[in-house]
Amino acid sequence: MSYYRIDRRDFAIGDIIRANAAFINNINAARTAIEDLLEMNRPEAKPNRNEIVKLFDSFSAAKKYWILDTDSKFYEVEIAEDDILHRGNYPLVESLALETDGGIRNAIALQYWNEEVAGDVDDVVVENYVNQATVIRIVCNDEEVRKNTKRAYYNQDTMKNVEILQDE
């Protein structure tokens with residue numbers, strides 16, 4: 001089965017993608033607080049979010065996050081199914097930014113680590129933790145295409161004759 005990786009690093013087909021904890025240095029204080037909360041609630045048997053590669057199992061979900069991440073590249077990768085260390089519902093992570101009650105925030109973090117699905121099934125975006133993945137296709141590494149796809153997604157422009165990434 002194919003998975004999808006959004007990454008700012010450049011990879012070629014056949015390259016191995018390994019963890020890059022450098023992202024933690026490029027996030028704002030609110031996002032750092034979310035990562036700290038998740039780490040505080042992480043069961044000992046689960047891997048640290050800074051020490052793994054996160055993959056989406058849905059093209060459309062990966063595309064949604066790719067268009068929001070400036071200078072990012074969109075890769076299709078493969079792994080062995082038994083390489084998955086954790087499967088988390090990413091909207092739970094996002095919901096932590098909206099919640100102010102500490103008890104509820106901890107409960108959400110525990111749902112995430114327990115691999116629970118919360119909310120509407122249509123809102124589930126699974127992020128899979130692995131140690132590494134192999135690039136099998138460069139879906140898009142063109143920043144202009146990313147920008148155009150974002151504009152089209154948000155209907156910001158009436159665009160003609162520009163390249164955008166279509167869903168598969």
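Residues count as buried under 20% relative accessible area, exposed over 50%, and partly exposed in between. The legends below describe close-up views of a predicted model.

**View 1. Residue E115 in the loop between α4 and β6 (126–130).** With a relative accessible area of 36%, E115 falls between the two limits and is therefore partly exposed. The backbone of E115 has a positive phi of about 60°, although the residue is not a glycine. Most residues other than glycine have a negative phi. E115 is also one of the residues touched by K46.

**View 2. Residue K46 in the loop between α1 (29–41) and β3 (53–56).** The relative accessibility of K46 is 17%, so this lysine counts as buried. Leaving aside residues up to four places away in sequence, K46 touches L85, H86, W113 and E115.

**View 3. Residue D71 in the loop between α2 and β4 (73–78).** D71 is not a glycine, yet has a positive phi of about 65°. Its relative accessible area is 43%, and D71 is therefore partly exposed.

**View 4. Packing of helix α2 (residues 59–66) and helix α5 (residues 143–153).** The two helices pack at an angle of about 100°, and their axes lie 10 Å apart. Because of this angle, α2 is roughly perpendicular to α5. On the α2 side the contact is made by K63, K64 and W66, and on the α5 side by V145, R146, T149 and Y153. By residue class, the contact of α2 with α5 comprises three nonpolar, one polar and three charged residues. W66 of α2 takes part in this contact and is also among the residues with the most contacts inside the largest nonpolar core.

**View 5. The largest nonpolar core, with 28 residues.** Within this core, the residues with the most contacts are L38, F56, W66, F74 and Y112. Two or more residues are given to the core by each of β1 (2–7), α1, α2, α3 (90–95), α4 (102–113) and β7 (132–140). Helix α2 supplies the largest share, five residues. In soluble globular proteins, nonpolar side chains tend to be buried together.

View 6. Not counting residues up to four places away in sequence, L38 touches R49, V93, L96, A109, Y112 and W113. Of these neighbours, W113 is also touched by K46.

Note on methods. Residues numbered from 1 in each chain as written. Predicted model: local features only at pLDDT ≥ 70, side-chain atom pairs only at ≥ 80, totals over all residues. Heavy atoms only, no water. Helix = DSSP H or I, 4+ residues; strand = E, 2+ residues; numbered from the N terminus. Buried < 20%, exposed > 50% of the residue type's maximum accessible area, 1.4 Å probe, protein only. Contact = heavy atoms within 4.5 Å. Axes fitted to C-alpha atoms, helices over the stretch in contact; angles between N-to-C directions. Parallel < 35°, antiparallel > 145°, perpendicular 65-115°, else oblique. Nonpolar A, V, L, I, M, F, W, Y, C, P; charged D, E, K, R; others polar. Core = buried A, V, L, I, M, F, W, Y, C linked by side-chain atoms within 4.5 Å.
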